[in-house]
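Hi,

Here is the structure I promised to pass on to you.

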Amino acid sequence: MNIAGSSAFVTGAGSGIGRALSLLLADRGARHVVVADIDETAAEETARLIADNGDRAHALGLDVTDNEALEAAIRDTAATHGLDIMANNAGIIGGPPAFPAMTMPRIEQMIAVNLTAMIAGSKFAIEQMQARGHGGAILITASRASLVPSWADPVYTATKAGILMFVRSCRELAAECGIRINAICPGVTATGMLALTGGDQAADWLKEKMSREGIMTAEHVAGIGIGLIEDDGKAGDYALIENSAPIAA
Ligand SMILES: NC(=O)c1ccc[n+]([C@@H]2O[C@H](COP(=O)([O-])OP(=O)(O)OC[C@H]3O[C@@H](n4cnc5c(N)ncnc54)[C@H](O)[C@@H]3O)[C@@H](O)[C@H]2O)c1
């Protein structure tokens, strides 16, 4: 897919990997990028960074667990600008207390954001792309945790494993209607999410993991996601991204 001239929608676009994806899509010449985040101020900052570069973005305050709002936002975007690329990226990690002390509302929220909303965002985008009959690309931000069990946060790993299997199971969409869905599976990446694992700083288990595996930049991870969007041969695939661009060893 040629990103130049495309219309894209990114969730969790107010920071970290979502912001980096949004900026790279704009850099590659996307005609219009919807940058959606539950934190509207953060989404506005991403849109401003894109506008400073002379490109077009629309900031949207959106909770991806609100199915009606998510569907309406995707439908309105498709009606106004078309929809070629959907990046389901918003995600949350478990903070203290860890499982099993983790509260049921927190467990349900993690499943809602990391699994249900990613499936819902894909469904709504696929329906809009199919209605326009010209295919498209969907990118899911899964995780290295999709593939590697972790007692440190088993709820997070369960959601990320689930969404990766969803992606792999959607391979046939490409042959059926030209819509390719792929996932990035990053290892530890320097974003605001890391601090939440310990409350206000990285949890001890994460600090140990970071010193063992290193830590990557959001830009590096997003760049590999952009590659999956561009590569017409990728469908139902995932890229495991590990420690190839550490910013601290
Ligand atoms: N940072 C890592 O080490 C790492 C590793 C693997 C995968 N990931 C995944 O990358 C994705 C992006 O996370 P990040 O690392 O950039 O962290 P981040 O905290 O910087 O970004 C996540 C963004 O999602 C937004 N968000 C949270 N809940 C939302 C909701 N209900 N609706 C809309 N937006 C919401 C947050 O406001 C935030 O801007 C997540 O899916 C995460 O699981 C991160």
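This is a predicted model: local features need pLDDT of at least 70, side-chain atom pairs count only at pLDDT 80 or more; totals for chains, interfaces and linings use all residues.

**Around the ligand**

Which residues come closest to the ligand? The shell has 28 residues, and the closest are Ser 15, Asp 37, Asn 89, Tyr 156 and Thr 191. Sorted by class, the shell holds 14 nonpolar, 11 polar and three charged residues.

The side chain of Tyr 156 has an N or O atom 2.6 Å from an oxygen atom of the ligand. Lys 160 also uses its side chain, with a polar atom 2.9 Å from a ligand oxygen. With Thr 189 it is a backbone N or O atom that sits 2.8 Å from an oxygen of the ligand. On its own the ligand has 820 Å² of accessible area, and the protein covers 91% of that.

**Helix α8**

Now go to α8, which runs over residues 204-213. Which of its residues are buried? They are Leu 206, Lys 209 and Glu 213. These three are on the same side of α8, because they span an arc of only 60° around the axis. As a rule, an α-helix has 3.6 residues a turn, so residues three or four places apart point the same way. The buried residues of α8 pack against α7 and β7 (215-216), while Asp 204 and Ser 211 are exposed on the other side of the helix.

Is Ser 7 buried or exposed? Ser 7 counts as buried because its relative accessibility is 0%, and the cut-off for buried is under 20%. You'll find Ser 7 in strand β1 (residues 7-11). Beyond its neighbours within four places in sequence, Ser 7 is in contact with Arg 31, His 32, Thr 77, His 81, Gly 82, Leu 83, Asp 84 and Ile 85.

Thr 41 belongs to helix α2 (residues 40-52). Its relative accessible area is 58%, so Thr 41 is exposed, since that takes a value over 50%. Along the chain, Thr 41 and Gly 14 are 27 residues apart, and their C-alpha atoms are separated by 7.8 Å.

Cheers

Methods: Residues are numbered from 1 along each chain as its sequence is written. Side-chain values use heavy atoms; hydrogens and water are left out. Helices (H or I, at least four residues) and strands (E, at least two) are DSSP runs, numbered from the N terminus. Buried means under 20% relative accessible area, exposed over 50%, partly exposed in between (1.4 Å probe, protein chains only). Contact means heavy atoms within 4.5 Å. A residue is near a molecule or strand if one of its heavy atoms lies within 4 Å of it. A polar contact is a pair of N or O atoms within 3.5 Å; within protein, one must be able to donate a hydrogen and the other to accept it, and residues adjacent in sequence count only if both atoms are side-chain atoms. Accessible areas come from the Shrake-Rupley method with a 1.4 Å probe; for residues, only the protein chains shown count as cover. Ala, Val, Leu, Ile, Met, Phe, Trp, Tyr, Cys and Pro count as nonpolar, Asp, Glu, Lys and Arg as charged, and the others, Gly among them, as polar. The arc is that of the directions from the helix axis to the C-beta atoms.
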